[in-house]
Amino acid sequence: METKSSRIIVFGSGGRVGRAAVAEAERRGHKVTAVRRADGEVTDPVAVARLAAGHDAAIVAVYDPGARPGEFFPAVARALAEGLPAAGVKRLVSVGLASVLPTASGNLLMDTPDYPQEWREFCTGHGAGTEALRAAAPEALDWVVLSPAGDFDHESAPSGAYVIAPAAADSRITPADFARALLDEAELPTLHRTHAGVSAA
């Protein structure tokens with residue numbers, strides 16, 4: 001994908017990560033379509049295709065507090081897997097969760113000692129979405145799921161740099177630095193059909 005004057009659609013543009021992605025894309029000179037949840041049903045492949053038509057890449061950071069995670073995230077994944085290729089979009093960068101990312105030891109972060117379990121249903125739902133994407137995405141759709149390697153840092157100033165890293169409970173990254181990773185992978189893909197963590201450099 002060309003890195004200048006490209007068209008990028010951001011699903012979930014109303015959240016913190018979505019807003020950061022829109023800002024970073026605009027900073028780089030891209031033409032951005034910011035899609036909030038009310039603008040189209042992201043679980044509907046026909047709506048996804050309609051909204052994404054004419055774009056070069058899609059960034060997805062969606063969440064529906066009223067839906068069951070184990071149903072919502074796989075439905076989103078299947079709609080993207082069908083709708084984006086139908087619209088001619090070849091690159092998808094989706095936002096995931098560190099909880100279902102392997103640590104350096106190989107265990108999922110949510111399965112490590114003392115990791116909070118109150119959001120486990122949400123975490124497993126997110127993970128199911130990634131697996132649904134892996135199963136449903138055709139070769140024509142080059143996708144990656146990125147998540148913070150640990151959590152977001154909403155207090156510090158952006159560093160302007162990041163690294164790809166395994167999950168770690170103490171890892172932090174600002175939304176702005178995370179958005180840099182999202183746009184880098186949208187512009188010049190280096191990660192394919194995988195889930196990777198991003199940490200501050």
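I began with S94, which counts as buried at 13% relative accessibility (buried is under 20% relative accessible area, exposed over 50%, partly exposed in between, with a 1.4 Å probe and protein chains only). The model is predicted, so I kept local features to pLDDT of at least 70 and side-chain atom pairs to pLDDT 80 or more, while totals for chains, interfaces and linings use all residues. Residues are numbered from 1 along each chain as its sequence is written, and side-chain values use heavy atoms, without hydrogens and water.

I placed S94 in strand β4, residues 91–95 (helices are DSSP runs of H or I, at least four residues; strands are runs of E, at least two; both are numbered from the N terminus). Leaving aside residues up to four places away in sequence, S94 touches V60, V144, V145 and L146 (contact means heavy atoms within 4.5 Å).

Next, the cavities. I found one of 30 Å³ or more (a cavity is a set of points on a 1 Å grid over the protein atoms alone where a 1.4 Å probe fits but cannot get out; lining residues have an atom within 4 Å of a point). Of 15 lining residues, F73, V76, S94, V95 and H126 are the closest to the centre. α3, β4 and α4 each give the lining at least two residues.

Then I looked up the cores. The largest nonpolar core has 29 residues, and F11, V42, L80, L84, L92 and L133 have the most contacts inside it (such a core is a set of buried Ala, Val, Leu, Ile, Met, Phe, Trp, Tyr and Cys residues joined through side-chain atoms within 4.5 Å). α3 supplies the largest share, eight residues. A second, separate core has 22 residues, including V22, V95, V144 and L182.

Last, the rings. I counted five aromatic pairs (ring centres of Phe, Tyr and Trp, its six-membered ring, within 6.5 Å; planes under 30 degrees apart are stacked, over 60 edge-to-face, the rest tilted). F73 and F122 have centres 5.5 Å apart and planes at 75°, so I logged the pair as edge-to-face. F73 is in helix α3 and F122 in helix α4, so the pair ties together parts 49 residues apart in sequence. Both F73 and F122 are buried. Y63, F72, F73, W119 and F122 form one aromatic cluster.

Conventions. On a 1 Å grid over the protein atoms alone, a cavity is a set of points where a 1.4 Å probe fits but cannot get out, and a pocket is an open set with protein on both sides within 12 Å along at least five of seven lines; lining residues have an atom within 4 Å of a point. Grid points are joined across faces, edges and corners, and a volume is the space filled by probe spheres set on the points.
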